[in-house]
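The following exercises concern a protein chain and its three-dimensional model. Please study both before working through the solutions.

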Amino acid sequence: MSRFEVVMPKLGESIIEATITKWLKKPGDPIQEEDNIVEIATDKVDSEIPSPVDGTLLEILYKEGDIVPVGKVIAIIELSEGTSVSGPAAISQPDNGIPSGQEDQSVKTDTKTASAAYTRFYSPLVRNIAKEESIPLDELEAVKGSGKEGRLTKKDILDYVSIRSNLKVPSSQRPVETALGTEPTTIAVTGDQIIEMDRMRRLIADHMVQSKHVSPHVTSFIEVDVTNMVKWRAKIKDQFYKKEGEKLTFTPIFIEAAAKALKDFPDVNASVDGYNIIIRKNIHIGMATALPSGNLIVPVIKNADQKNLLGLAKSVNDLAGKARNNILNPDDIQGGTFTITNFGTFNSLTGTPIINQPQVAILGIGVVKKRPVVIETEDGDMIAIRHIMILSLSYDHRAVDGALGGMYLRKVADYLENFDTNRTI
């Protein structure tokens, strides 16, 4: 009977490996097509791998906690009778003269070799902490674990790191500040609460520091009168919900304006590669979204310029819902060419967003507020109550200069200020 190789999928352009966090099936379990087999984690997102075939899980080639390169076979499924699969994953016959059983054994041997030095299981988090703190294996093995079967927990390793640092340098001898031009050393005192960054917060921190290090940031601001937009939404939102079953927020309107302006100024829809500027053909707009954990993630609306307002509203609501429920797929957060972040959600007037690398610009949305403003009429200037907001654009000065950044920002404002109040959907 034919067998099928399940391989570690490629989950993004820059991802070369993933950690197996949990097997959802065990050898001998029957499997139907689309059944989730295993949970994996990368440096960008957690995900599940579904089975593309019906059959029985014959063999698991990697353990929970193993880090597996993209393209490696991680499991073998025995296909159900009558199931036919074409392509390299189907291995009913040996390839290149090597029986697949021997290939499987080589994979298992590699796995055992990689973990043979450990006498107990260590989670990826514990191993990362040990690596960052330069704790060698023999020292790690000597740390007492409080987990099941003596496993080392996050608390165990953090407690040990704290004791270890105190033993190495007495607190009375630790400098409060290092040499001029370097970062000060932070010292916790009695009563302080130490909260370790989770894996996603660490990734966000590294990404933000790298962005500021790589890109010379410039931020421009503009005030926008969005009275027409606000009045139109208030008039149509209930009808929109009854007709389409979708809530209409301001976000898809902002995305529509940003996408139109990117068509007008394509040099803002770009990336920098060394001394080359890559002008992106597709307009894929990411929207910074809060997760239940408090961290941020940026799901991407693909081909935003090709969607009407209804399509954008559906995409925004779908991705926001997935983010809230922690069910975003790797593809949902890949491929962005431009990003929008909404400070107004938290009633902030504006902000200076950090560019989402390798993009060259990010648009910040401030809160919409009523203000008394001077407006020009045929009868002269007058004061009126208008809905005003502030847009901010941070851009990479290597690729976008002040003139281009200013013109793009002005164009977004124009689309919002000239919103058609008679528009239908």
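**Exercise 1.** Determine where Pro358 is placed and which kind of peptide bond joins Gln357 and Pro358.

*Solution.* Step 1: Pro358 belongs to the loop between β16 (338-342) and β17 (361-365). Helices and strands are DSSP runs numbered from the N terminus, with H or I of at least four residues for helices and E of at least two for strands. Step 2: omega is about 5° for the bond between Gln357 and Pro358, a cis peptide bond.

The model is predicted: local features need pLDDT of at least 70, side-chain atom pairs count only at pLDDT 80 or more, and totals for chains, interfaces and linings use all residues. Residues are numbered from 1 along each chain as its sequence is written, and side-chain values use heavy atoms, with hydrogens and water left out.

**Exercise 2.** Give the phi of Asn303 and of Asn326, and classify the accessibility of Asn303 and Asn326.

*Solution.* Step 1: Asn303 is not a glycine, yet its phi is positive, near 50°. Asn303 sits in the loop between β15 (300-301) and α8. Step 2: Asn326, likewise not a glycine, has a positive phi of about 55°, and its place is the loop between α8 and β16. Step 3: the classes of relative accessible area are buried (under 20%), exposed (over 50%) and partly exposed (in between), with a 1.4 Å probe and protein chains only. Asn303 has 25% relative accessibility and therefore counts as partly exposed. Asn326 has 57%, so this residue counts as exposed.

**Exercise 3.** Describe how α6 and α8 pack, and state the angle and the distance between their axes.

*Solution.* Step 1: axes are lines fitted to C-alpha atoms, for helices over the stretch in contact, and angles run from 0 to 180 degrees between N-to-C directions. Helix α6 (residues 227-244) packs with helix α8 (residues 309-324) at about 75°, and the axes are 13 Å apart. Step 2: α6 is therefore roughly perpendicular to α8, where 65 to 115 degrees counts as roughly perpendicular, under 35 as roughly parallel, over 145 as roughly antiparallel and the rest as oblique. Step 3: contact means heavy atoms within 4.5 Å. Trp232, Phe240 and Glu244 of α6 meet Leu309, Leu310, Ala313 and Lys314 of α8. Step 4: this contact of α6 with α8 has five nonpolar, no polar and two charged residues. Ala, Val, Leu, Ile, Met, Phe, Trp, Tyr, Cys and Pro count as nonpolar, Asp, Glu, Lys and Arg as charged, and the others, Gly among them, as polar.

**Exercise 4.** Find how the axes of α7 and α9 cross, and which residues meet there.

*Solution.* Step 1: the axes of helix α7 (residues 251-264) and helix α9 (residues 402-417) cross at roughly 130° and come within 9 Å. Step 2: α7 and α9 are therefore oblique to each other. Step 3: Ile253, Phe254, Ala257, Ala258, Lys260, Ala261, Leu262 and Asp264 in α7 meet Tyr408, Lys411, Val412, Tyr415 and Leu416 in α9. Step 4: by class, the contact of α7 with α9 has ten nonpolar, no polar and three charged residues.

**Exercise 5.** Locate Ile375 and list the residues that Ile375 touches.

*Solution.* Step 1: Ile375 is part of strand β18 (residues 369-377). Step 2: its relative accessible area is 23%, so Ile375 is partly exposed. Step 3: not counting residues up to four places away in sequence, Ile375 touches Gly380, Asp381, Met382, Ala384 and Arg386.
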